[in-house]
Amino acid sequence: MLLVGAVSVALAVESPDEVNTFIGTQDDGNTFPGASAPFGMIQVSPTADHWAGWKYDEARIRGFGHSFLSGAGCWEQGGHVSVLPVIGSIGPGKQFDTRRPESFDHRRYAARSTHDGEVGRAGYYRTRLVDYGGIDVEATALTRAAAERYTFAGSAETAHILVNVGQANERHQVVSSDIHVVGDNAVEGSVVTQSFCGGARYTTWFRLQFNRPFTAKGTWNGSGGVEGSGDSTNTYGLNGAWLTFDLGRDRAVEVVSALSLVDGDGARNNLLAEGHDDRGLRSFEQMHALARARWKQELDLVALDGGSAGDRTVFRTAQYHAHLQPLTASDADGRYRGYDNALHSAAGWTYYAYFSLWDTYRAQNQWLALVRPQVARDIAQSLLAIEREGGWLPRWGYANFETNIMTGDPVTPFLVDLWRAGALRRREEDAWHALRRNAFEMPPAASRHAGRSGNVSYLQNGFVQFDKRWPAKGMDADPHYGASATLEYALADCALSQFADALGQTQDATVLRARSQNWKSIWDDTLRDADLGHTGFPRPRVADGSWYGGGDYTPRSEGGFHEGTAWQYQWLAQHDVVGLSQAMGGRDSAVKRLDDFFAYPALQADPAGAARREWVVGPYDYYNQYRYNPNNEADLHAPWMYTLLATPWKTATVVRAAQHLFTEGPAGVTGNDDLGAMSAWYLFSALGIFPAVPGSGQFLLHAPRFPGVTLDLGEASGRLSLRAPGASGGDVQYVSGVRIDGRQHHPVWVDWAQLRAARSIDFDLSTVPPVDGWGTRAADLPVSRCASTSASTP
């Protein structure tokens, strides 16, 4: 507080300082605490024993890697080009024994660290290594270049920087690497690593340039260390270089680094473009000032009014995590390496890579389209470039390769939502042809892409057959999870039918709308959950059309569903709520089933604590479950099924209970954050709008968490204020009325056009559920173009 006379004035906290990058670094949130720019190509963060990089309770740091993904759920997530500052002797029989290569293994030389004085905020990270006499490590990052500063305590006259290119994150295998000392102040080289979930190999080139010359050097590999050497190459083994600095009175060493997925010149040019100014190499403080300004500009796209300090930290950190990916993949000169492994140029736009589409199509995609329309346009252009150069649209793209991880057809609702947001303007025809081919065909056997690998049976029979033996181009294939793949295809077909209608492709639109009803083809109206008394659930079929599992199969069985059961996946027909509720025995029965799914009475009694007791708790507890899984994407829209069934006050109860799972601490993210997917869910939940039906362009309304939020929607749309006087993160609150630009708004939803045109949306809140009030009339519910027109089900 600043005292002015007798008046106390609260000093404003700038948005980068409201970010806590340690949120999600425990309990397999799999976020990283280090420094990154928005959508940055390079990240600097510690690595330790965990396969995702570093967990908050790790005791020792192996090094500071320069490539990370935030919140992904598979191994091989980066950490390569790992740097660690040390004090000690190098040579035969010494601490770093050149005759014993194992002494250069980062598992051995890792340093203990402390949380005392540790800082993690947007664009800046600091920690202290308590070994090697005590060393303070700081990191900051711009889009294509980063900077570190190592400050050595004690009285040692010399220090070393170990640059390890033969090892990366735990379980991230380095296939081959080379490192070269350049002059007396730089190292560069390349690292070939195995991509995500055992995918294809890809290459990262790097350059590190120091702010002063080193006085000695050496390299190591699997044979040991060689003093004075400046070059080393190895395959599947240890590899790296050490650089020795005279400390003298200046106890700090600074280094600026850059990466490229293109070539060595790309790394050098990226470092020159962002790590230098007219006077030469930028200092750490200069880099940090630029990084902070960049994050302030990014985070200030959302202005928060009110909320506790904790609420603001959780929101800002979710915003931060949602803006880390996809990663910039084009170099400063516009060059990028395409899915054909050839070089291309992105002239006047940014080429992005690393697309976790199965996760991000549900919320993070729409979030970026809302507040970062230019990024959304470049994302759309990047996906079309992948199709053009690689021959097919991606599902889970890593670097410049398709991994074929996860199931379904996420790229279709992803791109249709971008079309709804205007991000495909003047590219509609290109997108349509790519999406249509994806929906109606399959990639050839020689293609790296799997596409809709279940189309063989889906197009003929209306369902994806369940077949665990189906050959996969990677870890997953749609027939391995036939039931969930069928639901995902049907949802995607509904989205694509709307795009087809808009383009005048009426025949295809009719076919796609009919196919959107294919969720019914796997609905077994005899399948019963005996404990809870509900009958009728989705169930996998095998190739001949018979049900999988026989009489022992239950809605809690794991077979046929990807990371879930029939209980979670039964709600993945939100494009046809009419038909789904009919299949469940009518609206009242569907609402009762939702009540059991969410343990609704328990949430009413204890909205702050019941979710952790009653819902799925572990981030990987996918199977044999019958309750809501807030840790995974497949059922994240389920709270809004209440709204679509004209009981919006129940959505309010469930959303508020779920928000209690997002906290300020290291365990403050539910499950893997999945490249910002879970964080984007939280952002929408806090704003009072949610895109529950992919491809529809509709956002369902619910009670906001903050009294006021102003969104910068870009130059074309201006600013939108969401106002909810009295809103808080305490008790459950309900919407009793909505006004858009001062006019009463009765529907429970708004669409993209309304969001762009509006200047304000005002929510009236109540502590009493509006059982007969706002949002309870059928006339105010959204009408789906894919809704059932008959009361009958298969």
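Me: What makes W367, F598 and W615 stand out in the largest nonpolar core?

Reply: In this predicted model, the largest nonpolar core has 161 residues, and W367, F598 and W615 touch the most other members. In soluble globular proteins, nonpolar side chains tend to be buried together.

Me: With which residues is W615 in contact, leaving aside its neighbours within four places in sequence?

Reply: W615 is in contact with F598, L603, A610, R627, Y628, P630, V654, A657, A658 and L661. Contact requires heavy atoms within 4.5 Å. Apart from this core lies another, of 53 residues, including V83, V165, L243 and V255.

Me: Why is the pair of E488 and R362 called a salt bridge?

Reply: The limit is 4 Å between a side-chain nitrogen of Lys or Arg and a carboxyl oxygen of Asp or Glu. The closest N and O atoms of E488 and R362 are 3.0 Å apart, and the pair therefore qualifies under the 4 Å limit. This pair links distant parts of the chain, with E488 in helix α11 (residues 482-502) and R362 in the loop between α5 (357-360) and α6 (364-371), 126 residues apart. Both E488 and R362 are buried.

Me: What makes R452 and D493 a link between separate parts of the chain?

Reply: R452 and D493 form a salt bridge, with their closest N and O atoms 2.9 Å apart. R452 lies in the loop between α9 (428-440) and α10 (455-461), whereas D493 belongs to helix α11, so the pair ties together parts that are 41 residues apart in sequence. R452 and D493 are both buried.

Me: How many salt bridges does a search of the whole structure find, and which residues are linked in a network?

Reply: The search finds 51 salt bridges. D49, R62, D105, R107 and E170 are linked in a network of them.

Me: What makes β5 and β20 edge strands?

Reply: The open sheet has 10 strands in the order β5-β10-β11-β12-β13-β22-β17-β16-β15-β20, with antiparallel pairing. β5 (60-61) and β20 (231-235) each have a single partner strand, so one side of each is left without a neighbour in the sheet.

Me: How do you know that β22 pairs with β17 and with β13?

Reply: A pair needs at least two bridges. Strand β17 (residues 201-210) and strand β22 (residues 252-260) share 6 bridges in the antiparallel sense, and β13 and β22 share 7, also antiparallel. The count therefore meets the requirement for β17 with β22 and for β13 with β22. R207 stands opposite A258 in β22, F210 has V255 as its bridge partner, and T151 has A252.

Me: Why is β22 described as largely enclosed?

Reply: 9 of the 9 residues of β22 are buried, so the strand is largely enclosed by the rest of the structure. A252, E254, V256, A258 and S260 are buried on one side, and V253, V255, S257 and L259 on the other. Helix α2 (residues 264-275) lies across β13 (145-152), β16 (186-194), β17 and β22, running at about 125 degrees to β22.

Me: Why does S760 count as buried?

Reply: S760 has 9% relative accessibility, which is under 20%, so S760 counts as buried. S760 is in strand β42 (residues 760-766), and its side chain makes a polar contact with the side chain of R723 at 3.4 Å.

Terms used:
Residues numbered from 1 in each chain as written. Predicted model: local features only at pLDDT ≥ 70, side-chain atom pairs only at ≥ 80, totals over all residues. Heavy atoms only, no water. Helix = DSSP H or I, 4+ residues; strand = E, 2+ residues; numbered from the N terminus. Buried < 20%, exposed > 50% of the residue type's maximum accessible area, 1.4 Å probe, protein only. Core = buried A, V, L, I, M, F, W, Y, C linked by side-chain atoms within 4.5 Å. Axes fitted to C-alpha atoms, helices over the stretch in contact; angles between N-to-C directions. Polar contact = N/O pair within 3.5 Å; in protein donor to acceptor, adjacent residues only side chain to side chain.
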